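Hello,

Here is the structure we talked about handing over. Please open it alongside this note; my findings on the aromatic rings follow.

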Amino acid sequence: MSHSPGEEGGLSQAAPTVNTEDLLNSPSQALACGNTPEEQVSPVVDEASPSSTSSFEMLDMDSVPPPYQVVKPHWFFCRRADDNTSWLPFSREDSEKLENACARLGEKEDVVVAVDGERYDVRVKERRRYAVYWDQAPSEVRRCTWFYKGDKDTKFMPYTEDFSNNLEDAYMIAVTLDEWKRKLEFPSGETVILHNPKLIMQYQPIGLQDEWVSSPSEQTRPRTVKRGVDNISVEIPDGESEKVDHLVFMVHGIGPACDLRFRSIIQCVNDFRSASLSLLGTHYKRGQEDGKVGRVEFLPVNWHNALHGDATGVDEDIQRITLPSISRLRQFTNDTLLDLFFYNSPTYCQTIVDTVASEVNRLHALFKQRHPEFTGAVSVVGHSLGSLILFDLLTNQKTGSRESNRERVTCDDPCPLSCDSLEQTLIRLGLQEYLATLQRENLDLESLALCQESDLKDLGIPLGPRKKILDYVRRKQVQEDCTAGMVPLAPGLQAPPNDSSGIDHHGNQSSGSTPQQAQLHRVQSVTSAVDYEYFDVGIGQTNGGIAKGQVSINYPQLAFQPQTFFAFGSPIGMFLTVRGLKHIDPNYTFPTCKSFYNIYHPYDPVAYRIEPMIVSEVDLEPMLIPHHKGRKRMHLELKDSLARMSMDLKNNVLGSLRTAWQSFARLPVAALPPVEDGETTTETNFQDTQAVCEEPESSSVPAEETEEREIKVGMLNGGRRIDYVLQEKPIESFNEYLFAIQSHLCYWESEDTALLLLKEIYDKLGVALEQPQQ
């Protein structure tokens, strides 16, 4: 369908002035059916009738029109995605707030209205909608009263406000005088015909029609025009509760896109938030009615832009060494897969963790500022690499007890580095040329140990010497602390101890060194990032580099203590294993977070389990996440039914064998003479055989009781289960490989995952989950 020149669907251009001079000077005469000059009207318009156009609707033409009533406006905002432009309605509550603000709008001052759960601000006079928590281009806002839909359009689109006002004026006159079938011509050449209150059409000028149409009839297809939002088919969203019960930050994984539709983290979190709001209405309906349940706010945390922005310059450096062949594949690799290598780089890993922590703290402070009444808890969600980033951050959070221990270790050592002078140290490192630079700032070894890399950079010391100085300081600290016996491993993360036989856990002969020397050697020689409490780390990467090339990270602190950590499709287990950690002590917990859930799809190629690293002696199946409608998927039920049938068949066969054996064993007993004392061979064999035959039946009951009994898998999740697996869809079970990539990106749209989060959150608030009505 063609449009007017310079007008995107008749929406963005200012409304043309309606040519209604005669209409306004003499309404009754101008609106008379026979007084319109026929030569001014296109023949296409004259021939238009309900029976000749497919867009016309069959209406009751004899119905008496109601008296004129002012149209009720509704506010919409524009969403642009690639080449598509769509207009979406605000909720009725937000629309009313905008209308009230528009009514009291002054000539000079603007009014700002918070909408969409206070995630956006609308400047009413400017007619723009601005995002509050993330960077996003402002979108147009419109007060809508009139809408149109072309023959090939699927949704009604709003006219501009000026265009709508002109249509409303003409409609008011037509209703008041009860005179219809009038033509309104616009300077752009478009014509609007008011046939009756329920049938209003807009015709495109013939000069702007598509020249390649196949027949004249295709040129006559007009737009259907509707008045008021109540007369069009549009889904107006429900308003969000002003009460926020819980705040959740969601960190994305590798790359700028989070799903197969290449959507950003903002769009994916919006979908996850919408799913949670829908589930609250079905699974916590009574809680909402009683005022116990408000809503959960989900905010996205974007770190990819900071890593690949102009500040780091990494994209330019990578582009210079990228081969020109298969450019699209290489570009995809540079944007996504390289994030994994960046996180294992000391330089860019520091950038990533700093960005995530600062962004989370910024969002938290901004949310508290806009919601001063908020008293709920905060949780964090990480997807893919984002879960590993959060895992390392939470592992490195400090508590009051750990800070006091750190101060005790520092204060008890009067000489933290050594008795060497600054000059001797620089000569040993081959950096004596920087002695004068450091002495000008009155730096000695003790004050040098307190310097950050940025401080040395400000002094003009190049990157190589900076790294040498910092690495030497950290080595000396670890060596002296280990010699003093003050560097214990983090609780629950100790390496398997050497026994008195001098054999280590790999079966190799021990050198017989002291525990302090062995620990020092282990710290200095390890090439993977196994953590120690000295570094304020549990099981993530170290925040103090030891060996050359090892990741050296200073982890920032969060401004809050998370209640729960949810990992989606997480490679945490794999990374811990690669770092050299084979076992997590059951008593280990995050310093500031007491709950942890590892959620994954069974076909996710990136996901790994956590529980086998805690409870290695028991083969535990992951917890199956229930379907959000309160049932198991049909194909899984069928699979379980077949398994039960197989077990029942096996038990029946064993029962038949037992009965046959008993019959066979009884036959010779009556014919034999009485057995004397001590001669119990046959009876003993019979009892043994009977016990063997009865074993499958008797052992099945305890097995079921064992499954129902709660299994504790350490304190990482407060003694509760950690690994939770989604139910695959029936179509996914046909080919695991075909849906592997999709399985890694399915969490943002998974209602089952959203319900698990809501259940964990509201269980701690004392609100029970309700069974949805089928």
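**Aromatic rings**

Five rings form a cluster through ring pairs: Phe 391, Phe 565, Tyr 588, Phe 590 and Phe 596. Please keep in mind that this is a predicted model.

The structure holds 25 aromatic pairs. Take Tyr 159 and Phe 163. Their ring centres are 4.5 Å apart and their planes meet at 5°. Planes under 30 degrees apart count as stacked, so this pair is stacked. Tyr 159 has 1% relative accessibility and counts as buried. Phe 163 is buried too, with a relative accessible area of 3%. The cut-off for buried is under 20%.

A second pair to look at is Phe 568 with Tyr 747. This pair is stacked, at 5.7 Å centre to centre and 20° between the planes. The two residues are 179 residues apart, and the pair links distant parts of the chain. Phe 568 belongs to strand S16, residues 565-568. Tyr 747 sits in the loop between helix H25 (740-744) and helix H26 (751-764). Both Phe 568 and Tyr 747 are buried.

**Charges over rings**

Which rings have an arginine over the face? Tyr 130 is one of them, with Arg 123 at 4.3 Å from the ring centre. Tyr 120 is another: Arg 129 lies over its face, at 3.5 Å from the ring centre.

When you open the model, I would go to the Phe 568 and Tyr 747 pair, which links distant parts of the chain.

Best wishes

Terms used. Residues are numbered from 1 along each chain as its sequence is written. This is a predicted model: local features need pLDDT of at least 70, side-chain atom pairs count only at pLDDT 80 or more; totals for chains, interfaces and linings use all residues. Side-chain values use heavy atoms; hydrogens and water are left out. Rings of Phe, Tyr and Trp (its six-membered ring) pair if their centres lie within 6.5 Å; planes under 30 degrees apart count as stacked, over 60 as edge-to-face and the rest as tilted. Buried means under 20% relative accessible area, exposed over 50%, partly exposed in between (1.4 Å probe, protein chains only). Helices (H or I, at least four residues) and strands (E, at least two) are DSSP runs, numbered from the N terminus. A charge sits over a ring if NZ of Lys or CZ of Arg is within 6 Å of the ring centre and within 35 degrees of the ring normal.
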